[in-house]
Amino acid sequence: MVASASTNSHPPNYHVVTSPDHFKEILSKDLNRISLISFWAPWAEPCKTMNEVVLELSKKFGGDNESEGILVLEVEAEEQGDIAESFDIESVPSFLILRGHTLLDRIVGADAQRLTQSLEKLTAKPAVIPLSSTSQAPRVAAGFASAPDEESNETPEALEMRMKNLMTSHKVMLFMKGNPAAPRCGFSRKIVALLQDHSIDFSSFDILEDEAVRQGLKKLNDWPTFPQLIINGEFVGGLDIVKEMAENGELDEMVKA
């Protein structure tokens, strides 16, 4: 059973998603309606505050009945992994604003001000109207495209050197989403807990803060996902491999070597 993010009573336009079919059913009722999709996880501390923000926004931009105002869909990211994956949700809290199948805005992180301002802009008259409906993956509407990455003068060679320096900056180095105090994905949270349970001293790097390092490490270590654990400058693996090594004692031996 899916638990709700908020213990407060929900307004009529607020729905707790229980399955992919439930999600599609609600979203497809009115493809001209603006929808706010809130992805959260019970272990992520920033979600607690943002859950209350989303609840208040559902009231502010809602109406007297279920069909009025914006539609708000609450999705527990790990419980509804298929939905999260289809929208490329990599960390929580994350928010998508849609009209039908068209992506109007994406907000990653606990940014209540930006989320509120985006809804205010999108619900103002005249509203942004999609030119067509589609079953394809959401696209970014004009005027709300993500800002392009700042032009970087860093050469591939310089990037590789910087990544290798990061990998050797500490005996045990963890490249993760978020930081140990505030992980931003379940896998990162679990590997941090594993390392702490084994009393392993480690340093970390938040790959969400550096897109060049994030993409570069995928190629350098030939590993497409995060977290990535590095010991003595050498790539060890992701969560599953590290868990197996911890269970058979290999992890502790490698750290002590």
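Begin by selecting glutamate 120 and lysine 60, whose side chains meet in a salt bridge (3.0 Å, N to O), a term that stands for a side-chain nitrogen of Lys or Arg within 4 Å of a carboxyl oxygen of Asp or Glu. Glutamate 120 lies in helix α4 (residues 112-123) and lysine 60 in helix α2 (residues 45-60), so this pair ties together parts that are 60 residues apart in sequence. Helices (H or I, at least four residues) and strands (E, at least two) are DSSP runs, numbered from the N terminus. Glutamate 120 itself is partly exposed, with a relative accessible area of 35%, where buried means under 20%, exposed over 50%, and partly exposed in between (1.4 Å probe, protein chains only).

Before going on, note that this is a predicted model, in which local features need pLDDT of at least 70 and side-chain atom pairs count only at pLDDT 80 or more, while totals for chains, interfaces and linings use all residues. Residues are numbered from 1 along each chain as its sequence is written, and side-chain values use heavy atoms, with hydrogens and water left out.

Next, select arginine 114 and aspartate 105, which form a salt bridge with their closest N and O atoms 3.2 Å apart. Is aspartate 105 buried or exposed? At 7% relative accessibility, aspartate 105 counts as buried, whereas arginine 114 is partly exposed, with a relative accessible area of 36%.

Then move to glutamate 154 and arginine 162, where another salt bridge joins the side chains (2.8 Å, N to O). Glutamate 154 is partly exposed at 30%, and arginine 162 is partly exposed at 28%. A search of the whole structure finds 9 salt bridges.

Now turn to the open sheet of 4 strands, which has the order β9-β6-β10-β11 and mixed pairing; two strands pair if DSSP finds at least two bridges between them. Select β9 (203-206) and β11 (234-237), which stand at the edges with a single partner strand each, so one side of each is left without a neighbour in the sheet.

Within this sheet, select β6 (residues 172-176) and β10 (residues 228-231), which pair in the antiparallel sense over 4 bridges, and look for phenylalanine 175, which stands opposite glutamine 228 in β10.

Finally, select helix α6 (residues 186-197), which packs on the sheet and touches β6 and β10, contact meaning heavy atoms within 4.5 Å. Helix α8 (residues 239-248) also packs on the sheet, touching β10 and β11.

Terms used:
Axes are lines fitted to C-alpha atoms, for helices over the stretch in contact, and angles run from 0 to 180 degrees between N-to-C directions.
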